[in-house]
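Trainee: I'd like to learn how to read a structure like this one. Can we go through some features together?

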Amino acid sequence: MKKISFLITVSFLIFGCNNKHLAPIDFVNPFIGTGGHGHTYPGASYPFGMVQLSADTRLEGWDGCGGYHFSDSIIYGFSHTHLSGTGISDYGDVLLMPTIGKIQLTNGVEESKTNNQPINQLGYASRFSHKNETAKPGHYQVLLEDNNINVELTTSLRVGMHKYSFNPDDEANVILDLQHRDMLIKHEIKIIDSVTIQGHRYSNEWAREQRIHFIIKFSIPFNDFIFNKEKNMLGLKFGKVSEDLLAKVSLSAVDDLGAKENLEEIKGWNFYDTKKITQNTWSQELRKIE
């Protein structure tokens, strides 16, 4: 009995010493449930937040309900609403995808079926590897291998924040795809100025007439654009950028004014300050179960 008590005491002391500098979020693995039939997503969110900003690797099917599946190797982009653990595929609203070179206003799926070629060679999709992917509460990171673009995501309560790191010699683009996933029934894309896009997306799936209004603000002005009204896609050209390109995307379920007001949740362009605030909030919530 004394031996058992001794072992328990030693184990407790070792565990405590090894983990005394860890925050509650260090024990969370957002990839749990992203395989099999878990239907979860690994992206960034804020506790009880409106935005669930995550990579989309699957467009349809029961195991694509969360928008992501661990067995996949292609990323189509990063959308701002996801369901976790459900058996329905609503959401996937307002997809953004950074690319380089010639703009392609298609994800490449239909073209791949027709030409029997890889999706990533025919559209804006890109391959990725779990070796170059990380996730913690409030933060997600992945390398888009085909274009060598590192992507980081974080959020506030109603705003998603993107950080794209391009090779300075590459011509940088960002694709906005409103056709992505749920059936689109009404939409608008309006260019306000060289750093601001405004619009809305109404869609049907299990939920009918789901409404999302959005404002997108970029840290660097775009110098040209291509708009395909038929496909409901917009391609923005930024040219060669020598610094990280950041984007803030605010959502409202009410109207454009609500999206504009919600954008004020994130002041300035410090990505890591926003990430820190969100992760500190997660740690506070998780400390309730210590």
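**Reading a helix and its surroundings**

Mentor: Let's begin with packing: the buried residues of helix 4 pack against strand 1 (44-45), strand 7 (133-136), strand 8 (139-144), strand 9 (149-155), strand 10 (159-165) and strand 17 (245-252). Helices (H or I, at least four residues) and strands (E, at least two) are DSSP runs, numbered from the N terminus. This is a predicted model, where local features need pLDDT of at least 70 and side-chain atom pairs count only at pLDDT 80 or more, while totals for chains, interfaces and linings use all residues. Residues are numbered from 1 along each chain as its sequence is written, and side-chain values use heavy atoms, with hydrogens and water left out.

Trainee: Which residues of helix 4 are buried?

Mentor: Buried means under 20% relative accessible area, exposed over 50%, and partly exposed in between (1.4 Å probe, protein chains only). In helix 4, the buried ones are F271, T274, T278, Q279, T281 and S283.

Trainee: What span is expected for helix 4, and how far does it reach?

Mentor: The expected span is 1.5 Å times one less than the number of residues. Helix 4 covers residues 271-286, 16 residues, and its first and last C-alpha are 23 Å apart, close to the 22 Å expected at 1.5 Å a residue.

Trainee: What happens at the start of helix 4?

Mentor: There, a side-chain oxygen of N270 comes to within 3.2 Å of the backbone nitrogen of Y272.

Trainee: Now strand 10. Is K163 buried or exposed?

Mentor: K163 lies in strand 10, and it counts as buried because its relative accessibility is 7%.

Trainee: Which side chains make polar contacts with K163?

Mentor: A polar contact is a pair of N or O atoms within 3.5 Å; within protein, one must be able to donate a hydrogen and the other to accept it, and residues adjacent in sequence count only if both atoms are side-chain atoms. The side chain of K163 has one of 3.4 Å with D244 and one of 3.4 Å with Y272.

Trainee: What else does K163 touch?

Mentor: Contact means heavy atoms within 4.5 Å. Leaving out residues up to four places away in sequence, K163 touches residues including N150, V151, E152 and F271.

Trainee: And R211, how should I read that one?

Mentor: R211 sits in strand 14 (residues 210-218) and counts as partly exposed because its relative accessibility is 38%. Its side chain has a polar contact of 2.4 Å with that of E209.
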